[in-house]
Every structure is written in C-alpha cells, then in structure tokens.
Amino acid sequence: MTSHNPVEGSVPRSNEEIAARVKAMEAILVEKGLISTDAIDYMSSVYEKEVGPQLGAKIVARAWVDPEFKQRLLADATSACKEMGVGGMQGEEMIVLENTDTVHNIVVCTLCSCYPWPVLGLPPNWYKYPAYRARATRDPRGVMAEFGYVPGPDVEIRIWDSSAELRYWVLPQQPAGTENFTEEQLAELVTRDSLIGVSVPPTPAGV
Ligand SMILES: [Co+2]
C-alpha cells in the first residue's frame, strides 16, 4: 500500500482527513474481501508496539561491535537484517549507507514517504511533509541544523532518494568514548533521526 501520489490537491491536509480516508479504504478492502478487520488490527498493533527504530538501533550496535557483520550489512542490508530476524514488507530491498569522518548521508523520499518499515517502523509525520521532501535535497545542512546537527564544513553531504523499490537508511558513526559500552548500551544511543541521517547519535554524558 504505497502512496505514490503526485497530485498535490488530493493530499490529505489534516489528521482527521487522513483518518477518514483510512477508514474509508479499510471499509472498501473488507467489503471486497481483500483483507479482514482482524488482519488490519494485527498490522496496526505490530507497527505500534513491536516494529520501530529500536530494531534499526540493535542492528547498528551489532555493526559497531562486529566488523564482519558490518561488512555484510553494507554489502547486502536486506540479508544481514534477516540474520537478526528483521525484515518484511516495505523492506524487501534495503541499502545501508555508512557515515564516516568525511561523508554524511541523509535519506528522503522526494516523491512520497518510502521508508524501511521493518527497521524503522512507520515514518514520522515530518518525513512525509512536502517541506522536508523538498528541503532535504535543496538545503540538507539547514534541515540538519534544525535537528541540532551541524556537520563540519569539509564533510560531504550525500542525499539518497528512497523509492518503493529501494529503501535507504544510515549507519551512523559510533560516538567517541563509547568503546567499552556493551552492545545493549550502544543500541540505546541510536536514535530514529540518526538512522534517517538528519542527525547523529548523541555522545553520552561523562565519556
Ligand atoms: Co516514496
């Protein structure tokens, strides 16, 4: 159920309008026997409670402590995620982009809101707004500054446009001073925004 819809005038403007459209679509799908209300309730609950950026964070932490896993993740993200039991709808083809001292990656879907659901859950509202979709490509440094991140002037910013066929996400750099952290502690540092690339994981206090 991707929503490639370039017709601006038909984009819902309010949460109420979106909710009404979802309800109407749900009613049609159930009426046509394409999906049961149980299946819809199940999907909503899975994405609310179980699938979210904590899964992406776990994968990043594993990559930070296990260089061989990291190589597999960068070579074939979809199958490396499967090793950790993560995968599925809207994540059939994923590419992970590695941030380094000299390159910072940021992900957008300029057309709509394609996003790697199995590792990040459902996209935040701002990711879907035309303002982000336009500005991420035109003024990525301005966008990042609003998220509290200012890369050095020499850092090359690379912008990646996700699509229904190919969804990108970011492997952030491990914060300095966390070399002795456990994998679990490291996972707690990884934020959703750092996996999209609009910011980086915070350096924990006292390290
Ligand atoms: Co899209």
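Is Val 108 buried or exposed, and what is its relative accessible area? Val 108 is buried, with a relative accessible area of 0%; buried here means under 20% relative accessible area, exposed means over 50%, and partly exposed is in between, using a 1.4 Å probe and protein chains only.

A quick word on the model. This is a predicted model, in which local features need pLDDT of at least 70 and side-chain atom pairs count only at pLDDT 80 or more, while totals for chains, interfaces and linings use all residues. Residues are numbered from 1 along each chain as its sequence is written, and side-chain values use heavy atoms, with hydrogens and water left out.

**Around Val 108**

Val 108 sits in strand E2 (residues 103-108). Helices (H or I, at least four residues) and strands (E, at least two) are DSSP runs, numbered from the N terminus. Setting aside neighbours within four places in sequence, Val 108 is in contact with Tyr 127, Tyr 132, Arg 133, Ala 136, Thr 137, Ile 159, Trp 160, Asp 161 and Ser 162; contact means heavy atoms within 4.5 Å. Take Tyr 127: this residue is 19 residues from Val 108 in sequence, yet their C-alpha atoms are 7.3 Å apart in space.

**The aromatic rings**

Searching the whole structure gives 6 aromatic pairs. Rings of Phe, Tyr and Trp (its six-membered ring) pair if their centres lie within 6.5 Å, and planes under 30 degrees apart count as stacked, over 60 as edge-to-face and the rest as tilted.

| Pair | Centre to centre | Angle between planes | Type |
|---|---|---|---|
| Trp 126 and Tyr 127 | 6.3 Å | 65° | edge-to-face |
| Trp 126 and Tyr 132 | 5.0 Å | 75° | edge-to-face |

Trp 126 is buried at 19% relative accessible area, and Tyr 132 is buried at 6%. Tyr 127 is buried too. Ring pairs tie Tyr 115, Trp 126, Tyr 127, Tyr 132 and Phe 147 into a cluster.

**Helices H3 and H4**

Over to the helices. The axes of H3 (residues 53-65) and H4 (residues 67-75) come within 5 Å and cross at roughly 125°, so the two are oblique to each other. From H3, Ile 59, Arg 62, Ala 63 and Val 65 meet Pro 67, Phe 69, Lys 70 and Leu 73 of H4. The residues in this contact split into 6 nonpolar, no polar and 2 charged.

Conventions: Axes fitted to C-alpha atoms, helices over the stretch in contact; angles between N-to-C directions. Parallel < 35°, antiparallel > 145°, perpendicular 65-115°, else oblique. Nonpolar A, V, L, I, M, F, W, Y, C, P; charged D, E, K, R; others polar.
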